[in-house]
Amino acid sequence: MTDARHPWWHGAVLYQLYVRSWRDADGDGYGDLRGIITRLDHLSWLGVDGIWLSPTMPSRDEDWGYDVSDYTGVHPELGTLEDLDTLIAEAAKRNLRVLLDLVPNHSSSAHPWFVDASSSRDSEHRDYYVWADPAPGGGPPNNWLDATGQSAWQWDDRTGQYYLHNFLESQPDLNWWLPAVHEEFRRILAFWFDRGVAGFRIDVAHGLYKDAELRDNPPLAEDNPLAGRFGLRPVYNANRPETHAVFRDWREIAGRYVPPRLLLGETWVAEFARLAQFYGDNDELQLAFNFPFVFAGFGAPQLSGVVAQTLASMPAGACPVWMASNHDVGRFPSRWGGDDGRKTRLGLLILATLPGTTVLYYGDEIGMSDVDVPADLQRDRMTRSGHSPRFNRDRARTPMQWDSSRSGGFTADGVTPWLPVGDGARCNVEDQCLDKASVLWLCRSLLALRHAELGGRVARYEQLPAADGQWAYRVGDLTVVASFSDQPAGIAAPIGEVLLGTSAADPPAGDSAVLRPWEGIVARTPAP
Ligand code: GLC
C-alpha cells in the first residue's frame with residue numbers, strides 16, 4: 001500500500017547493507033553495487049521491503065564514505081551511476097526499495113566546496129563551512145570535542161582561522177546558517193529522488209546547525225553513548241532546534257513524489273521527547289532511529305520500558321523504528337546475547353513483532369556476531385587508535401558470511417577481503433538455507449508473519465501482565481510472550497493458537513504453556 005495514510009514502510013522491514021562488506025563482484029576485496037545485484041534474490045527470499053545502502057558517494061574513505069567528496073556521484077570502487085540505476089531497477093522487480101545514505105552534517109575536506117573554502121577568506125564557498133578566530137587568549141575558539149575526543153577545531157594556516165569538524169579533521173562541518181547550503185541539498189535530494197531512490201537515511205540528523213555564538217558545551221558527570229562522551233554534553237555543537245526547519249523543507253520535497261520519498265534520521269538522542277520532535281507535526285522525518293532501544297539491556301523490564309516510553313512519547317500516527325545492530329553500535333547477537341543462539345533468536349522475534357518499521361543489519365538474519373579484528377587489520381580511523389576495543393567499529397563491518405569457504409563467499413578465492421572474515425564455518429547463509437531449524441529460516445518465517453499480520457500499518461501495541469522474567473505484549477491480533485530467564489516458567493494467561501516459537505524444538509502449545517529459558521512465542525489471539 002502506498003497511499004498517504006499507509007505508506008510502504010509502515011509495518012515493513014528495511015535491511016541495512018554495508019556495501020563494502022556484502023558481496024564483491026569485481027574481485028578487489030571490497031563489496032560493490034554489482035555484487036549486491038547478484039544477491040538481491042537472497043533479500044526477496046528473506047522478505048525485506050527495502051534496503052539502505054551505506055554511503056555510495058565518492059569519498060577518500062577516511063570514514064568509509066561518510067566523508068563525501070561528490071554528493072551526486074558513485075564511488076568508483078563501488079561502481080558507476082549506471083550500476084546504481086540497474087540496482088534500483090533490479091530491486092524494483094523484486095519489490096525492494098532502495099534508500100541511500102545522505103551526509104549533510106559535513107563533507108570531505110576533498111570536496112570542491114572545501115578545497116575552495118580553504119583557499120582564501122574571500123572564496124565563493126568560504127561560508128559553506130564553520131570558521132572561527134582563536135579564543136581571546138589563543139587556542140581553539142571553544143571547548144567542543146570531535147568524535148575521537150580531540151578539539152573539534154582544526155587550525156588552517158593558509159587562511160589563519162580554525163574550521164569545525166565534529167568528526168575527523170578530514171570531515172569539516174557544513175554551515176547550515178547559510179541559505180546556499182540549503183539550496184545545494186535541495187538540489188541533491190531532487191537529483192536522487194528523480195533517479196528513483198526511495199529515500200535517505202540521514203547521517204547525524206541531530207547535528208546540522210551549530211550554536212551561532214559557539215558557546216562552550218556544559219560538563220557531563222558520567223559518559224554514556226547517548227548523553228555525551230569525553231565529559232561534555234553536546235548541547236551547542238549539535239542538537240540545535242533550528243535543524244527542524246531543514247526537515248520540514250525536505251519533507252515537502254519528499255512529498256512531491258509518488259510514492260513519497262522516505263526520510264529516516266540517524267537521531268542520536270537520549271530523551272524520548274526529543275526523539276519524538278523529529279517527527280514534527282507529521283511534517284518532518286517519517287522515521288527516526290531509536291538509540292535508547294539499542295542500548296537497553298536485554299531484559300524484560302529494560303526493553304518493555306523503552307518500548308512503552310517510546311510509544312507514549314510519539315505524536316499520534318507516527319511510526320516508531322526498531323533496530324539493534326548497525327555499523328557503529330555493533331551486532332546485537334554479541335551485545336544483547338553474548339552470542340548465545342537462544343538470545344539471538346529471541347532478539348529477532350522482538351524486532352519482527354514490534355509495531356512500526358524494523359531495520360535489520362546485514363548478517364542479523366543468520367545471527368552473525370561481532371568479529372575480533374586484530375589491531376593491524378583494523379580499518380576504521382575513528383576508533384582504531386581508540387579508547388576501548390569494545391568501541392572498535394570494524395568488529396561489525398566484516399564481510400557477509402555467504403558460505404563456509406575462507407573468503408566466506410564474499411569475494412573470489414585467493415583475494416584478501418578488506419576486513420577479515422569471521423567464523424564462516426560456524427555461521428553462513430548457505431548452510432543455514434539447508435537447515436530449516438536455522439536462525440535464517442526463523443528470521444524468514446518471522447518476516448512473513450510480520451507481513452501478513454502487521455504489514456501496511458502501525459499496529460496497536462499493548463503490554464500484558466506477565467510472569468517474572470517474561471515480557472508479554474499484544475500487537476495487532478498477535479500475542480508475543482518472551483522469556484528472559486534461565487529458568488523455564490509458565491505463561492501468565494492463555495494466549496490462543498501458537499503460530500511460531502523461537503526454539504528449534506516445537507513451540508509449546510498456547511494454553512498452560514511453559515516457556516523454555518530464553519524462548520519466545522507468537523500466538524494469534526482473537527479480539528476479545
Ligand atoms: C554517523 C555514521 C558513522 C560516521 C559518522 C560521521 O554516526 O553512522 O559511521 O562515522 O556519522 O559521518
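Two strands count as paired if DSSP finds at least two bridges between them, and strands (E, at least two residues) and helices (H or I, at least four) are DSSP runs numbered from the N terminus. This is a predicted model, where local features need pLDDT of at least 70, side-chain atom pairs count only at pLDDT 80 or more, and totals for chains, interfaces and linings use all residues. Residues are numbered from 1 along each chain as its sequence is written, and side-chain values use heavy atoms, without hydrogens and water.

Start with the open sheet of 8 strands, in the order E9-E8-E7-E3-E2-E1-E11-E10, with parallel pairing. Strands E9 (287-288) and E10 (321-323) are its edges, each pairing on one side only. Inside, E7 (residues 199-202) and E8 (residues 262-265) pair in the parallel sense over 4 bridges. Ile 202 stands opposite Gly 265 in E8.

There is also an open sheet of 3 strands, ordered E4-E6-E5, with antiparallel pairing. E5 and E6 (residues 161-164) share 4 bridges in the antiparallel sense, and Gln 154 is opposite Tyr 163 in E6.

Now the rings. Rings of Phe, Tyr and Trp (its six-membered ring) pair if their centres lie within 6.5 Å; planes under 30 degrees apart are stacked, over 60 edge-to-face, the rest tilted. The count is 42 aromatic pairs. Phe 298 and Phe 484 are edge-to-face, because their centres are 5.0 Å apart and their planes at 70°. These two residues are 186 residues apart in the chain. Both belong to a ring-pair cluster whose members include Trp 322 and Tyr 461.
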